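Work through the exercises below with the sequence and the model at hand, and try each task before reading its solution.

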Amino acid sequence: MSKVAAGAIVGVVAGILSGAAGLGGAIVSTPGIRVLGAAPLIAVGTTVPAIVVASASGSWNYLRSRCCDLPVAFATGATGVIFTVLGALFARVVGGRPLMLATACLVVYGGGRIFQGRHLDESSRWRAISKARVPIAAGIGVVAGFLSGALGIGGGIVMLPAYYRLLGMPIKKTTGTSLVVAGLMAIPGTLVHWRLGNIDWYLATGLCAGALVGSYLGSRVTLLSGERRVRIYVGVLLVAIGTAYGVGEAIAWIRA
């Protein structure tokens, strides 16, 4: 099987996850590319352009359905891009393992709260803090960007629970807005990895093609699903991701 075809298969799966849950999809595409034989640094760099494509494809559906808040997305993305760089520098000094364990706990907690839902009406809370949502979103971008740079994880696993809990954003608008930000934050990363030669463009071409289709389909599934169903599968997904990260890092720490 050619690199392009193999990359396309991985891209479809990653794109569906990206479009359906508002994540970048790197949690699938990076290990998928590694299985295909890519070196670690190439695997990381090659997935970044696909995040941009998946974001553009899925975001189109969310924007058409008015399930995306662009002021919030741009505020989060603006601070997120800056703090991604600072997070990467900080990780060199402190080390990523303590931060990863703390983040895993945060993601599990946030995913659990999304799964449980909220007793107060989401739309009422969303309207009540409408004037403050852009500054709050900028603060979310600081945390999401910092952790993304420090740990090499997608900012979506932080943004999803933060948008839902702190802003009271309806879950479909949460996924759509998070997907837009994931794309914005991946643009400078794509340019840097391109410059450094960390992108296998044969694999990247397949990944992007697959992500284009997968993210479109994934976003349609979410938009056609009920709010409760979306809330449940997004919550379960975040708990699963956080648990996997936490257990993996705890085992590595014990063995070290």
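Two exercises follow, each with a worked solution.

This is a predicted model, in which local features need pLDDT of at least 70, side-chain atom pairs count only at pLDDT 80 or more, and totals for chains, interfaces and linings use all residues. Residues are numbered from 1 along each chain as its sequence is written, and side-chain values use heavy atoms, with hydrogens and water left out.

**Exercise 1.** Find the aromatic pair and classify its geometry.

Solution. Begin with the rule that rings of Phe, Tyr and Trp (its six-membered ring) pair if their centres lie within 6.5 Å, with planes under 30 degrees apart counted as stacked, over 60 as edge-to-face and the rest as tilted. A search of the whole structure gives one such pair. The ring centres of Trp 194 and Trp 201 are 5.7 Å apart and their planes meet at 75°, so this pair is edge-to-face. Next, take relative accessible area, where buried means under 20%, exposed over 50% and partly exposed in between (1.4 Å probe, protein chains only). Trp 194 counts as exposed because its relative accessibility is 53%, whereas Trp 201, at 38%, counts as partly exposed.
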